[in-house]
Amino acid sequence: MVRDGCEVLSSVISSQIDQHSPYGGVVPEIASRSHVEALPSVVAAAVRNAGVGWDGLDAVAVTCGPGLASSLMAGLIAARALAYRIGKPLLGLNHLEAHIYSVFLDRAAPPPSEIAPLLFLTVSGGHTNLVLMRGLHDYEMLGTTLDDAAGEALDKGAKLLGLGYPGGPAIEKTSKGGRADYIRFPRGVSSATNGNLANGLNPKMCFSFSGVKTSLLYYTKKHPEVFSNPSVFRDVACSYQAAIIDAMIRRVRFAVGLHKVNALACAGGVARNTLLRDSMTLLAGETGIPLYLAPNEYCTDNAAMVAGLGGALDMAGIETSPAFDVEPRMPLA
Ligand code: KG4
Ligand code: ZN
């Protein structure tokens with residue numbers, strides 16, 4: 001529950017991590033079933049905690065995509081039923097745009113109208129994007145991943161190392177005190193690539209994380225002592241995390257040189273990572289550009305960012321999707 005597109009009145013999150021972790025990743029069947037089971041009590045708790053009652057709702061915002069079709073469907077149907085029951089509008093929104101909006105919740109950053117253009121690094125389990133935000137609902141995709149997302153690379157790397165799911169926090173914890181320069185893992189798309197990619201984007205602002213994952217696999221095969229020597233294990237995890245974060249920082253630095261922006265910002269599940277937050281802070285200091293990081297509690301998936309975006313778009317008179325259907329591959333811009 002969010003007031004005026006900014007003030008978070010309540011935020012209730014039902015985590016499915018315990019249900020997916022035995023499988024080392026998200027199991028779509030389990031995800032959608034858990035959504036159906038959890039939604040009624042989560043929605044009721046959010047309304048109760050906000051202290052405004054069902055009559056206090058002005059609209060219902062829901063994610064239409066991108067994401068897993070079956071989970072999106074469970075959310076959309078619940079939101080549609082709720083909007084119908086209370087007789088209020090249903091706003092269909094984009095998940096990536098909601099992640100971007102998380103930076104503006106609770107006024108962690110001034111509103112977009114005051115600080116645009118911003119350069120956003122949105123980095124989650126399913127997406128890694130460099131986005132130029134010109135204003136509310138006005139984006140240009142500068143770069144994206146050509147294969148795995150950064151969070152996915154951390155999750156797959158953690159699985160390979162036997163660290164469990166979700167991999168990002170596990171690798172971060174294991175890396176503590178390790179050597180980031182123990183192994184030089186690859187940093188993605190070759191800088192020798194000239195011209196634009198098939199997707200029309202500049203390769204210097206695009207990401208590729210499948211190489212780093214394969215590199216980790218070969219390294220552990222060739223050096224089985226990784227698993228028997230705790231210090232080497234920590235250094236390998238630390239080097240792996242460093243390669244993924246460094247690959248992203250390089251692209252952000254390149255984009256800053258190309259586009260004049262008033263602010264840098266970072267959001268999405270991986271934005272919880274301390275090395276990424278510290279590296280972005282260093283880059284901000286180096287370039288003299290202010291940085292806005294999504295508050296930790298709104299980095300990983302949450303409904304506050306969806307409600308906040310819905311409120312902000314509604315207040316600005318920007319029309320949203322009528323939310324007739326889910327769009328698993330919904331583009332941002
Ligand atoms: O945004 P999110 O909650 O879900 C998607 O939209 O994908 O992001 C989940 C991703 C997972 O890959 C998880 O490993 C990663 O965020 N993550 C982290 C950290 N916390 C979550 N990655 C690195 N460091 C963390 N502390
Ligand atoms: Zn997400």
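Analyst: Arginine 33 counts as partly exposed because its relative accessibility is 46%, a value that lies between the 20% limit for buried and the 50% limit for exposed. The model is a predicted one, and each value here is computed from it. The salt-bridge partner of arginine 33 is glutamate 29, with the closest N and O atoms 3.5 Å apart. Glutamate 29 has a relative accessible area of 54% and is therefore exposed. Both residues belong to helix H2 (residues 28–50); they are four residues apart, so about one helical turn separates them.

Aspartate 246 is partly exposed, since its relative accessible area is 24%. Arginine 250 has 38% relative accessibility and so also counts as partly exposed.

Another pair consists of arginine 134 and aspartate 138, which form a salt bridge with the closest N and O atoms 3.9 Å apart; the criterion for a salt bridge is a distance within 4 Å. At 43% relative accessibility, arginine 134 counts as partly exposed. Aspartate 138, with a relative accessible area of 34%, is partly exposed as well.

Salt bridges also join residues into a network, made up of Asp148, Glu152, Lys156 and Lys213. Over the whole structure, the search finds ten salt bridges.

Asp4, Glu7, Asp58, Asp106, Glu297 and Asp314 form a negative surface patch; residues in a patch have no salt bridge, because that is a condition for being counted in one. One of these residues, aspartate 106, lies in the loop between helix H4 (95–101) and helix H5 (112–115). Aspartate 106 counts as partly exposed because its relative accessibility is 40%.

For contrast, consider a covered part of the chain. Strand S4 (residues 90–94) has five of its five residues buried. Strand S3 (residues 60–65) pairs with S4 in the parallel sense over five bridges, and threonine 63 of the pairing stands opposite leucine 93 in S4.

Conventions:
Residues numbered from 1 in each chain as written. Chains lettered and ligands numbered in written order. Predicted model: local features only at pLDDT ≥ 70, side-chain atom pairs only at ≥ 80, totals over all residues. Heavy atoms only, no water. Patch = residues over 30% accessible without salt bridge, like charges linked within 9 Å, V, L, I, M, F, W, Y side chains within 5 Å. Areas by Shrake-Rupley, 256 points an atom, 1.4 Å probe, with all protein chains shown as cover. Salt bridge = Lys/Arg side-chain N within 4 Å of Asp/Glu carboxyl O. Lys, Arg positive; Asp, Glu negative; His and termini not counted. Charge placed at Lys NZ, Arg CZ, Asp CG, Glu CD. Helix = DSSP H or I, 4+ residues; strand = E, 2+ residues; numbered from the N terminus. Buried < 20%, exposed > 50% of the residue type's maximum accessible area, 1.4 Å probe, protein only. Pairing = 2+ DSSP bridges.
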